[in-house]
Amino acid sequence: MTQPTDIGRVLAAFSLIRPLRVLDAFCCIGGATKGYRRAIPYCHVTGVDIQAQPDYCGDAFHQGDAIEYIRTHGHEYDFIHASPPCQGEGAPTKGTNAARNKAIGRTYPRLIVPTRAALESTGRPYVIENVPGSQVRKDIRLCGEQFGLAVLMHRYFELGGWTTMQPAHPRHRGYVRGCRHGEWRDGPYVAAYGKGGGKATVAEIRAAKRIDWSTDHLRLREALPPAYTEWMGRAFLTSAAPALEVTA
């Protein structure tokens, strides 16, 4: 395995040519962006999202359709991260939730497959992140407990064009704080989704996910903890450093 000092040397040489270009598709406020910037000292991160993101923390932002942007510009980047909205992938489209949503005319697009097709067309290494129950391939599973966070937030990552090893998943230390089926439970984790029933406040989500650049409750709930992509970025560098050295 390439050692951290070797990676730093390779990146320093590579940066003399240009920064490593990273695309964060469906970026929201840039939880994933922040992690990659921490992991890759010499990088330039562009975010793209269908909605305006005034709190986005990267180097550049493009408002527009993320899949179309990947198809058109993805080949211009060295590495692509994509976090398609999970509403069409997890619980809202399954079981009683699916029946309820159908009854009220609420529909969610399923974006994993078209996102994957767009990413594969670029020929670039990529990551697709999404929730349990989604169509994303379960190459890597990350959890807040692996990084000492006060939020669990299990997420799966599909790796395209590179690979790495699954890290150990520590045992959870207790319950997620909140009311479940009429019963209140306390615990070391907060529920960073929804409102009421003991769900986390803005301040609690900021602390739990270690996000300090936004106070938007909805976007904080949606954002990926930067620790996840900091780990992913370091794993990618370990995998990609030999190829970068040849390029440099």
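Where is leucine 23 placed? Leucine 23 sits in strand S1, which covers residues 20-25. Before the close-ups, a quick word on the model.

This is a predicted model, in which local features need pLDDT of at least 70 and side-chain atom pairs count only at pLDDT 80 or more, while totals for chains, interfaces and linings use all residues. Numbering starts from 1 along each chain as its sequence is written, and side-chain values use heavy atoms, with hydrogens and water left out.

**View A. Leucine 23 in strand S1.** Strands here are DSSP runs of E with at least two residues, helices are runs of H or I with at least four residues, and both are numbered from the N terminus. Leucine 23 has 0% relative accessibility, so it counts as buried. Buried means under 20% relative accessible area, exposed over 50%, and partly exposed in between, using a 1.4 Å probe and protein chains only. Setting aside neighbours within four places in sequence, leucine 23 is in contact with Thr46, Val48, Tyr69, Ile70, Tyr77, Phe79, Ile80 and His81; contact means heavy atoms within 4.5 Å. Histidine 73 is 50 residues away from leucine 23 along the chain, and their C-alpha atoms are 9.5 Å apart.

**View B. Threonine 33 in helix H2.** Threonine 33 has a relative accessible area of 0%, so it is buried. Its side chain makes a polar contact with the side chain of tyrosine 56, at 2.8 Å. A polar contact is a pair of N or O atoms within 3.5 Å; within protein, one must be able to donate a hydrogen and the other to accept it, and residues adjacent in sequence count only if both atoms are side-chain atoms. Not counting residues up to four places away in sequence, threonine 33 touches Asp24, Val45, Tyr56, Cys57 and Gly58.

**View C. Phenylalanine 26, with a positive phi.** Phenylalanine 26 isn't a glycine, yet its phi is about 60°. Look for it in the loop between S1 and helix H2 (31-39). At 14% relative accessibility, phenylalanine 26 counts as buried.

**View D. Methionine 153, with a positive phi.** Methionine 153 is a residue other than glycine, and its phi is near 50°. This methionine 153 lies in the loop between strand S6 (140-142) and strand S7 (155-160). Its relative accessible area is 13%, so methionine 153 is buried.

**View E. Residues 91-107, where pLDDT stays under 50.** pLDDT is the predictor's confidence in each residue, from 0 to 100. For residues 91-107 the model has 15 contacts beyond four places in sequence. For the protein chain, the mean pLDDT is 87, and 81% of residues reach 70 or more.
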